[in-house]
Amino acid sequence: MNPISFPARGHTRASIFDAMRAARARDVKWQAGRVFSLVFDAGDDVRAVAQQAYELFFAENGLNPTAFPSLRKFETEVVAMVAALLGGDDAIVGNMTSGGTESILMAVKAARDYARKIHPEIKMPEMILPVTAHPAFDKAAHYFDVKVTRTAITAEFRADVNATRAALTPNTILLVGSAPQYAHGVVDPIRELAQLAQEKNILLHVDACVGGMALPFARQLGYAIPDFDFTVPGVTSLSVDLHKYGYAAKGASVILYRSRALRRAMMYVTTEWAGGIYASPTMLGTRPGGAIAAAWAVLNYLGADGYLNLMNVVMKTVELLRAGIAQIGDVKILGNPDMSVLALASDTLDIYQIGDELSARGWHLDRQSFPPSLHLTVHYAHAASAENFLDDLQDAVAAAKKMSARKFFDRALVNAANGAARILPAAWLSKLTRGASPALTGGAAGGGRSAAMYGMLGTLPNRGDLHELMLDLVEDFTAPQ
Ligand SMILES: *Cc1c(COP(=O)(O)O)cnc(C)c1O
């Protein structure tokens, strides 16, 4: 039963805002630089600019650019600025979207419809992704009926171009590379992928969602950044999130195309509707003017020198963290990340247990599988918290070393759950996991221990069960508490 009914009468402002502040109590404390995902923040000043711009255009709707020339100006200028940053010339076109996922959905949809036009003989289009490419591509494949082939990566966690070549079929319409990929923060060999795409006359999308607003500045600072943008012939589309290292308000990303023809394949028009002609470039209908305005404001407020300063702080923080992690021992960074996205792993200890210890000390790091690791997206706010993090990491490692007894207990739990998975009806198993669901979120909120949970998920005999389990959890998360 849903315990929430529609409010019969309006509440006072004060009581509403009190309730909202109270609701926040158990949220992760991103303001203190203790969260290594989800929030990108460049401090009070930049945040205030984004907020003010968002508020100024709070009511405006980006659906119809003829009604709001202001938003049209902001969007076209944001697209042009980002294209210029990423080696684009006048031929590059693009749009703003609500985020990386929408940008990627649009890139795949455009590739599909473009192929329908120039390769009508292809009935079941395919795209090739390294195993590390973002799940938004699978989502796009799911929505738009494109077959996905996932390919192996190298020991450095980069796309293996030979594996990509081997996966090509006559139905392949699109290759994907990331700059960098989210899990381990390394840039795929975009030049080689682009060469292959050109050789086969197919499209290449570069997912620069997390790197697009960071890599150009890291390069200007002197860091060795592999080529990834429109300066590479063969890159046909590129996604860049502004609500990540662009430090804009959430709901802001850019999708760029090498040619107008490719972008036209993204767009949607119907001339048959009773309500008139309806045209929209991207997924959304109504689009929040605030997100578009805030992105324009922050890009102009910071400028290249502002972003350069921020990236300098970020990269110095990364160096500090990498040196500190090397010194602690028992933990290590996977691969050789190209910028500020890192995966922390251990050869000797259970890294999820270290994650639990960090959670208990008030840090929020996402858990990753294949191989087991903790994820750190380092941004500006972490400059102030990095030293504390290293201290707590050292303690967490020490604690994990001492935990052999608990480790034994956890392993027993995993084995029990594993055994249970083989004999319990699916519904029971769902219930079992549902009970443990707060731990799945990293345990930050409830302080729960998630190591056993992750061990269990990783060892479930049938990944199909895991799929259903996750759907149960998503249903759970979207029900009122
Ligand atoms: C964040 C991210 C995405 C998805 O972006 P959303 O804004 O979360 O929809 C896609 N790819 C990469 C590499 C990312 O970091």
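Author: The model is a predicted one. Start with the second largest pocket, whose lining divides into eleven nonpolar residues, four polar ones and five charged ones. The space in the second largest pocket comes to about 560 Å³. Its lining is made of 20 residues, and those closest to the pocket centre are Arg 47, Ala 50, Gln 51, Ala 249 and Lys 250.

Rolling a probe the size of a water molecule over the atoms shows where empty space is left. Searching the whole structure turns up one cavity of 30 Å³ or more. The largest cavity holds about 30 Å³ of space. Its lining consists of Met 213, Ala 214, Tyr 245, Tyr 247, Tyr 307, Leu 310 and Met 311. By class, the lining of the largest cavity has seven nonpolar residues, no polar ones and no charged ones. The second largest pocket, in contrast, has four polar and five charged residues in its lining.

For Gly 100 the atom concerned is a backbone N or O atom, which lies 2.9 Å from an oxygen atom of the ligand. For Thr 101 the atom is in the side chain, where an N or O atom is 2.5 Å from an oxygen atom of the ligand. Asp 241 also takes part through its side chain, with an N or O atom 3.3 Å from a ligand oxygen atom. Taken alone, the ligand would expose 380 Å², and the protein buries 85% of that area.

Four strands make up an open sheet with antiparallel pairing, and their order is S10-S11-S13-S12. Strand S10 (332–333) and strand S12 (366–368) are at the edges and have a single partner strand each, so one side of each is left without a neighbour in the sheet. The partner strand of S12 is S13 (residues 373–377), and the two pair in the antiparallel sense over three bridges. Within this pairing, Gln 368 stands opposite Ser 373 in S13. The loop between S12 and S13 contains Pro 371. The peptide bond that joins Phe 370 to Pro 371 is cis, with omega about -15°.

Another cis peptide bond joins Ala 179 and Pro 180, and omega there is about -10°. Pro 180 sits in the loop between strand S4 (172–178) and helix H7 (190–200).

One more loop residue has a backbone angle to point out. Asp 145 lies in the loop between helix H5 (136–144) and strand S3 (147–151). Phi of Asp 145 is near 60°, which is a positive value in a residue other than glycine.

Technical notes:
Residues are numbered from 1 along each chain as its sequence is written. This is a predicted model: local features need pLDDT of at least 70, side-chain atom pairs count only at pLDDT 80 or more; totals for chains, interfaces and linings use all residues. Side-chain values use heavy atoms; hydrogens and water are left out. On a 1 Å grid over the protein atoms alone, a cavity is a set of points where a 1.4 Å probe fits but cannot get out, and a pocket is an open set with protein on both sides within 12 Å along at least five of seven lines; lining residues have an atom within 4 Å of a point. Grid points are joined across faces, edges and corners, and a volume is the space filled by probe spheres set on the points. Ala, Val, Leu, Ile, Met, Phe, Trp, Tyr, Cys and Pro count as nonpolar, Asp, Glu, Lys and Arg as charged, and the others, Gly among them, as polar. A polar contact is a pair of N or O atoms within 3.5 Å; within protein, one must be able to donate a hydrogen and the other to accept it, and residues adjacent in sequence count only if both atoms are side-chain atoms. Accessible areas come from the Shrake-Rupley method with a 1.4 Å probe; for residues, only the protein chains shown count as cover. Two strands pair if DSSP finds at least two bridges between them.
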